[in-house]
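Reader: I've just opened my first structure and I'm a bit lost. Could you walk me through how to read it?

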Amino acid sequence: MSHIDIRDMSFTYTGKRMILKDINLQIEQGEWVAILGHNGSGKSTLAKTLVGLLEPAQGTVAIAGTIITPETTPAIRKQIGIVFQNPDNQFVGVTVRDDIAFGMENLCVSREEMLERIAFFAKKVGMEKYLDKEPASLSGGQKQRVAIAGILAMQTGIMIFDEATSMLDPYAREDLMKYIRQLHQEGLTIIMITHEIEEALLADRLVIMKEGKIFADGRKEELLKQPEVFAQSALVMPLALQMAMQLDDEATFGEVKAFLWESTFAK
Amino acid sequence: MGIHFREVSFHYPQNQLTFYQAIADITLQIAKQDEFICLIGRTGSGKSTLAQHMNALLLPTEGSVEIFGSLITNKRDKKINYNLLRKHVGLVFQFPEYQLFEETVEKDIMFGPLNFHVPPEQAKQIASETIKLVGLDETYLKRNPFNLSGGEKKRVSIAGILAFDPDILVLDEPTSGLDPQGKIQMMELFKAIQAKTGKSIIIITHDMDLVYEHASRVIVLHDGSLIYDESPEVLFRRGDLEQFHLQYPNTIKVLSALRDRFGLDLDIYQKNLPDALLAIKKAVAR
Amino acid sequence: MKNIVLGQYLPGQGFFYRMDPRTKIIGVIALMVAIFLLETIPQLLIALAIGVVCMLLGRLSIKRIAKGMRPLFILLIFTFFFQILFNKEGSILLQETLTISLASIGAIIALTILWRLLAKLRRFRFLLLLGYLAGVYFSLAYLAYGYTFASFVFTVYERGVEMSVFVVIRLLVIITLSTILTLTTKPTDLTQGLESLMRPLKVIGIRSDEFALIISISLRYIPTILDEANKIMAAQASRGADFLQGRLKDKIRQIISLLVPMFIIAFKRSEDLADAMETRNFIPGMKRTRISELAFGKTDILATLFIVSSLAASIVLRVL
Ligand SMILES: Nc1ncnc2c1ncn2[C@@H]1O[C@H](COP(=O)(O)OP(=O)(O)OP(=O)(O)O)[C@@H](O)[C@H]1O
Ligand SMILES: Nc1ncnc2c1ncn2[C@@H]1O[C@H](COP(=O)(O)OP(=O)(O)OP(=O)(O)O)[C@@H](O)[C@H]1O
Ligand SMILES: [Mg+2]
Ligand SMILES: [Mg+2]
């Protein structure tokens, strides 16, 4: 049985138009999955069904063998952390410190431990100097950093990032990705919704959504060999691969192409 | 004409005793026409704060900003028609949620034109034209802007500014949250607007590829100070960008990796894919 | 709207910030009682002076607090005139027949024009307003020429003046007290303090944690609505509807166009907020640990001493 198991799931906000249609998705423990897809394809909606915020119209979502129902959600949520797309709507605390602490408080982490983790994760996202600031007085990227720290500090087994790095500078993004990779190596399950193909390349597996359905799902090495899949779902291939594909003269560019492929996956 | 910053500093009040200096001593001139400026810098460097000075949403604590001939200082001047300034300079906010407030997408897009005295029927017409420009279809017009996906909201927020046809466009991270092809189309749209009308466009972004490919001028902020104001060609030849938490564009990164790996005589400073391919072909032929 | 301080926490330093919220809550209540026990204007003035000294010692900016209380000045002015007009005790200080006549109406119109013209002199706005009101009063009192529409007798009694000054100062002191509390105490600390203080009430069946949650959510909500208003105003301003510009008629229309979305958005926001709290494992009524610890320290002991002696002093004054 898979760690995350979505079966024949459909979802609708209004009762009329189905936003998610017949989703079947199994994610194993310790996998790193990137979810891609055009605007409005249903990525955020899917993420919300995973944490029991939205209830499927049909089908089931199960986490670690337990099907999500109103009764089981509290227990299930202890295993999942989610960073929402808009950092602004997830500030609970009055200060950055309180906000990072909020999730831990609910998990009954001891005060000493909390202080330690806050110090650690605030530093991790580069917000250690802002602990006493109010959320309203942070820049866009700083808000995203705090939102991320609040979820990392909960140390859940599954972490979902919904375009959580869209407003970070390249340096901060790289830094965070390094840390997520470390978490991944420690065995965490990571689901990353993103529009940045270079970011998605860090994952093992790509899930591409289109118009509420899963359009393609597979290991990145496989999917990247099919440019048509990308073209049909509003995506763009990584630059190095675009180069490799357009250098068609195998005899002259063989070596160059091999290198471009290799370096794309070496990330 | 255009926008002229003269030694501008801005302080956010922090508590009763202290303040936070978000931008410091910025002097900067933006022409009314034909500029394509990218404003970059690490998170919290003051980009959004600077942008909000361009249409007098924030008033400088020190110094002055001249916007289309009106001198903005730290006191609100009764003689200045601020609404007119907003017609000159259109600002798209970083968070679309900060910008949308009407019950339907249509009303939201019409809000600007109506304020600038466009007749209602014509404003409606404009709304249905602009929504298509930003890559959504007319069915979105009747929807509630708060029930859209992140990228859809972003598109509507851009449409709301394009709709009243400002003379200068200031866009705070207009491509964050857009899907890759949407990003390309949005940039094409801005380019087309500029080609047609010559309007200056200022874009805040963290996307170095976009900067390298499109900007004619890059302004770099760091801790509230303006450190570079130059062409992207000059900027990305600098060796110290990482120190300011910036990066090099992908083309440069990939090409330099190739050059180092194969010892090619390769000009790595290429702005887009076709040029990069040509350069590789040339280098390999050598 | 940026400067509304009422009920909003403002980070800072100084001993008010170091105090235990419980001390502050009880202290404010006790001091309010003490203020209500005072009976004369001089006593109140002394209390006000002590308050100001405390604020200075606690490094609170009085200017900033006064600025934040500005919306309440209307309340103060209203109370003041209410007392003057309707308190009819003591000896008569002033009695005047006010007449609305052609001449007085003409004079008032002239004064109004003059006032609006001079209003550009921003710095003397308050004095100007006072002058204007005085002018209106004198025109009504002495310019009874031409056709008379109506006239009435305006009487000011001694007690009326006394009481109005007294009530206004008392209100001022009380508002200041509660402003200090909310200004220097984080909402979370405030609710935690309340919760802890109300724990004994469990005996009579009141769940203090639920009560505290309701309070904390409403406290969290006030700034959210204000924030929302600010954001919408910025959004409207940047699309050609600047709130600070335009005639009164435009402003009224704009306030209406602000109110509806403000509540809709704030409501939507609170939904998102509830989602965020839920996904971070918040379950109302469940046990949780706290990052901020309530601790009774040296400052609190001093403060308690101060509060107890103030209360004692006012009781003594009252009884004597
Ligand atoms: N609250 C809602 N009520 C009704 N429809 C909604 C609501 N939220 C989203 N939708 C619609 O559902 C579809 C999927 O939205 P979702 O937010 O899941 O997209 P997404 O893949 O995350 O897109 P993006 O990349 O833009 O974030 C969109 O067409 C959107 O308009
Ligand atoms: N309302 C505010 N009150 C106090 N400080 C603020 C406020 N808004 C921003 N700041 C501070 O000012 C600095 C600059 O913020 P600004 O939003 O201009 O940054 P930015 O360059 O746009 O960053 P980002 O890329 O993250 O959007 C930040 O350090 C931020 O903490
Ligand atoms: Mg989304
Ligand atoms: Mg910004």
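Predicted model: local features only at pLDDT ≥ 70, side-chain atom pairs only at ≥ 80, totals over all residues.

Reader: What size of box do the C-alpha atoms of chain A fill?

Author: Taken along the principal axes, the box is roughly 65 × 45 × 30 Å. Inside chain A, 54% of the 267 residues count as buried; to be called buried, a residue needs 20 or more other C-beta atoms within 10 Å of its own.

Reader: And what is chain A built from, in helices and strands?

Author: Chain A has 11 helices and 10 strands. Among chain A contacts between residues at least 6 apart in sequence, 62% join residues at least 24 apart.

Reader: How do I read strand pairing? Which way do strand 3 and strand 9 of chain A run, parallel or antiparallel?

Author: Look at the bridges and the direction. Strand 3 (residues 32-37) and strand 9 (residues 205-210) of chain A run parallel, joined by 5 bridges. To find your place there, spot A:Leu36, which stands opposite A:Ile208 in strand 9 of chain A.

Reader: What about strand 9 and strand 10 of chain A?

Author: Those run antiparallel, with 6 bridges joining strand 9 to strand 10 (residues 213-219) of chain A. Here A:Met209 stands opposite A:Ile214 in strand 10. The two strands form a hairpin with 2 residues between them, and A:Glu211 in the turn has a positive phi of about 50°.

Reader: Now the ligand. Where does ligand 1 lie?

Author: For a ligand, check which chains it sits between and then what surrounds it. Ligand 1 lies between chains A and B. It is surrounded by 18 residues, and the closest are A:Ser44, A:Thr45, B:Asn147, B:Ser149 and B:Gly151.

Reader: Which helices supply at least two residues each to the shell around ligand 1?

Author: Helix 1 (43-50) of chain A and helix 5 (150-162) of chain B each do that. By class, the shell has 3 nonpolar, 13 polar and 2 charged residues.

Reader: How many residues of chain B are in contact with chain A?

Author: For an interface, count both sides, then look for the elements that contribute. Here 39 residues of chain B are in contact with 37 residues of chain A. On the chain B side, two or more residues come from each of helix 5, helix 6 (180-197), helix 9 (250-262) and helix 10 (273-285). Helix 9 of chain B gives the most, with 7 residues. That side has 15 nonpolar, 17 polar and 7 charged residues.

Reader: And what about chain C, where it touches chain B?

Author: In that interface, 22 residues of chain C are in contact with 22 residues of chain B. Helix 10 (208-237) and helix 11 (248-279) of chain C each give two or more residues to the chain C side. The largest share, 5 residues, comes from helix 10 of chain C. By class, this side has 11 nonpolar, 5 polar and 6 charged residues.

Reader: Last one: into which domains is chain B divided?

Author: Chain B is divided into domain 1 (33-47 + 80-240) and domain 2 (249-286). Their C-alpha centres lie 32 Å apart. The contact takes 7 residues from domain 1 and 7 residues from domain 2 of chain B. On the domain 1 side, helix 7 (residues 208-214) of chain B gives the most, with 4 residues.

Note on methods
Residues numbered from 1 in each chain as written. Chains lettered and ligands numbered in written order. Near = placed C-beta within 6 Å. Nonpolar A, V, L, I, M, F, W, Y, C, P; charged D, E, K, R; others polar. Contact = placed C-beta atoms within 7 Å. Buried ≥ 20, exposed ≤ 12 C-beta atoms within 10 Å, placed from the backbone. Domains from an automatic or database assignment. Pairing = 2+ DSSP bridges.
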